[in-house]
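Trainee: Please walk me through this model, feature by feature. I want to learn how to read each one.

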Amino acid sequence: MTTPNGDRSDRSPWNWLLIVPIVLPLLPFLFNHDEPRLFGFPMFYWLQLAFIAVGVTCTTIVYRMTKRGR
Amino acid sequence: MEQHLTEIIVFTVLFLVVSGMGFVAARWRRPQDLASLDEWGLGGRSFGSWITWFLVGGDLYTAYTFVAVPALLWSAGAMGFFAVPYTIVIYPLVFLVLIRLWSVSHIHGFVTPADFVRARFGSPTLALLIAITGIVATMPYIALQLVGIEAVLKSMGVTGHLPIIIAFAILAAYTYQSGLRAPALIAFVKDTLIYIVILVAIVVIPVKLGGWDLIFDKAQEKFAASPAPGDGILLNANNQLQYITLAFGSALALFLYPHSITGVLASRNRDVIKRNMSALPAYSLLLGLIALLGYMAIAAGTTPIGKDNNTIVPRLFDQMFPDWFTGVAYAAVGIGALVPAAIMSIAAANLFTRNIYKEYIKPDATNADEAKVSKITSLLVKVGAVACILFLDTGFSIDLQLIGGVIILQTLPSVALGLYTRWFHRGGLIAGWVAGMSAGMLLLYNVGNPATGKLHFAGSAFPLEKLGLDTKMTIYAGVLALAVNLIVAAVGTVVARAVNAADGEDTTHPDHYFADEGDPRVKDLDFSPGAPKAH
């Protein structure tokens, strides 16, 4: 049970980590290239797919570090 | 039609099995009473991580996405891949915002974003605007789901509108009966089918075509040969800004849609939402791979039926798979259309019932009244969506959806920023909404497409040269309109404060935004009288 009049808030320094997956995919100069290819995928495609992993990692870390637990 | 017989049989059988599940769903997780809006429209707000994952995923990644995104890659190349950054950016972006909405909604019993705005800014007018925006933006979205089904039917040689009408009549019937439980249950099947189909597709098709290298090279050849300036397997100097603003703007818009909010509010507690925000990108990976089906179709020399690019993916499946598996793939797309369509119509119906019917038409409506009106409205919304398909041409419904994205974005200052700050004055927000909406329409009106000869409403890429800038760059019209909205809302707020205009009362309290399951103030079933409070 949690207390009704808790002084808890959403604030946590971990939240700043969420900025990484928001900013990375919006920087086309990072990924708008054909070479190097990976498994036949031009960089444009494999790097953006790789950003999904970055997104999952960052949100998972923030979730774990800010989870309230019961 | 004869040569597609196996496909049609597999498709029909799977479709009927799933529809049967929809009707049974009313009994699933044994609700006390479906005659309250909380139970019917939010599934009792008790969905855990898994169900929420399927529900929200089924909600955001629709059949239309699966058909239209590859079609866009097929015709325009890299630009169509915006769906990937879009679905990466969205989760960290809304991670913190939506849990605040969950908390405040569960304390006050909000079911819709307009409920929240009404309480936060003390303005029924603003709430009405938000509700109307939500309903109007949702309708073409539902219609698009039908476009997905239509593309599949067309590829099986089934023409005419009767099959679509039957499919939607079935959908309407089980949504009416089972509420949000139906799409939540069906989403399991839909996602399983889609995962199987896509995994097979991305392994089998590239092998048959001679490898990924060759697929990308063939695509490059096609775009090099085409006269269109914007296509290619990479972005060019002029469409990069469009790419990132479209990805960012669409991400902002997606979670403002009433149906996404419905899925989130139905989850059990804040941790369920957080966990989902980190697990949902699994779908983005799927979406990225599905997008590349467009290039596979180029390499395979697939042609659309007539001028309907949406038939590219179904045609590719037909070309590459044995008939029975094509039938499974088609069923995946068809069922994939039903889940979001059901959630969207429920969300639109909740908006109407709570923020228009109860607010303006019958203030003393009982819980049973609300549930009844909501059920009927959800039927009407679906009839409207079917009418969109029957009476408008397909191209136009896609443009309507683009407009939908731009208009739903105009609720961002009141809903998303409203969760963080009460600085805005209700008058400023209303002025901002009007300005943003007008600017958005004006911008879209001025987007033409020389290739199709359409002069107006032909896309969302607004050429900056029309603003007098010396450039060929384009930008997503939605973010420009949102900027206008924010500026006017801010100026309007300053002016309203300066002249001491009366502001509405805020009935929420800062600590309402942090409450979680277990807090005695968090209500689970406050709509149904006599129902036990779940703790």
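**Reading the two chains**

Mentor: From the N terminus on, the elements of chain A run α-α-α. Here helices (H or I, at least four residues) and strands (E, at least two) are DSSP runs, numbered from the N terminus. This is a predicted model, in which local features need pLDDT of at least 70, side-chain atom pairs count only at pLDDT 80 or more, and totals for chains, interfaces and linings use all residues. Residues are numbered from 1 along each chain as its sequence is written, chains are lettered from A and ligands numbered from 1 in the order in which they are written, and side-chain values use heavy atoms, with hydrogens and water left out.

Trainee: How many helices and strands does chain B have?

Mentor: Chain B has 22 helices and two strands. Chain A has three helices and zero strands.

Trainee: What does the record say about chain A?

Mentor: The unreviewed UniProt entry annotates residues 12–31 and 43–63 of chain A as "transmembrane region". Such annotations may be inferred rather than shown by experiment; positions follow the numbering used here, and feature names are shortened. Check them against the model. Residues 12–31 of chain A are 45% helix and 0% strand, with end C-alpha atoms 31 Å apart. Residues 43–63 of chain A are 100% helix and 0% strand, with end C-alpha atoms 30 Å apart.

Trainee: Why is α12 of chain B described as largely enclosed?

Mentor: Count its buried residues. Eight of the eight residues of α12 (258–265) of chain B are buried, so the rest of the structure largely encloses this helix. Among them are B:P258, B:H259 and B:L265.

Trainee: Where in chain B is B:L292, and what does it touch?

Mentor: B:L292 is in the loop between α14 (281–291) and α15 (293–299) of chain B. Its relative accessibility is 0%, so B:L292 counts as buried. Skip its neighbours within four places in sequence. B:L292 then contacts A:F41, A:Y45, B:L73, B:F81, B:W212 and B:F216. B:G77 is 215 residues from B:L292 in sequence, yet the two C-alpha atoms are 9.6 Å apart.

Trainee: Is B:S278 buried or exposed?

Mentor: Buried, at 7% relative accessibility. B:S278 sits in helix α13 (270–279) of chain B. Beyond its neighbours within four places, B:S278 contacts A:V56, A:T59, A:T60 and A:Y63.

Trainee: Which elements line the second largest pocket?

Mentor: A pocket is an open set of points on a 1 Å grid over the protein atoms alone, where a 1.4 Å probe fits, with protein on both sides within 12 Å along at least five of seven lines; lining residues have an atom within 4 Å of a point. The second largest pocket has a volume of about 430 Å³, the space filled by probe spheres set on the points, which are joined across faces, edges and corners. Of its 17 lining residues, the closest to the centre are A:D10, A:N15, A:L18, B:L96 and B:Y420. α1 (19–23) of chain A and α5 (83–108) of chain B each supply at least two lining residues. The largest share, six residues, comes from α5(B).

Conventions. Buried < 20%, exposed > 50% of the residue type's maximum accessible area, 1.4 Å probe, protein only. Contact = heavy atoms within 4.5 Å.
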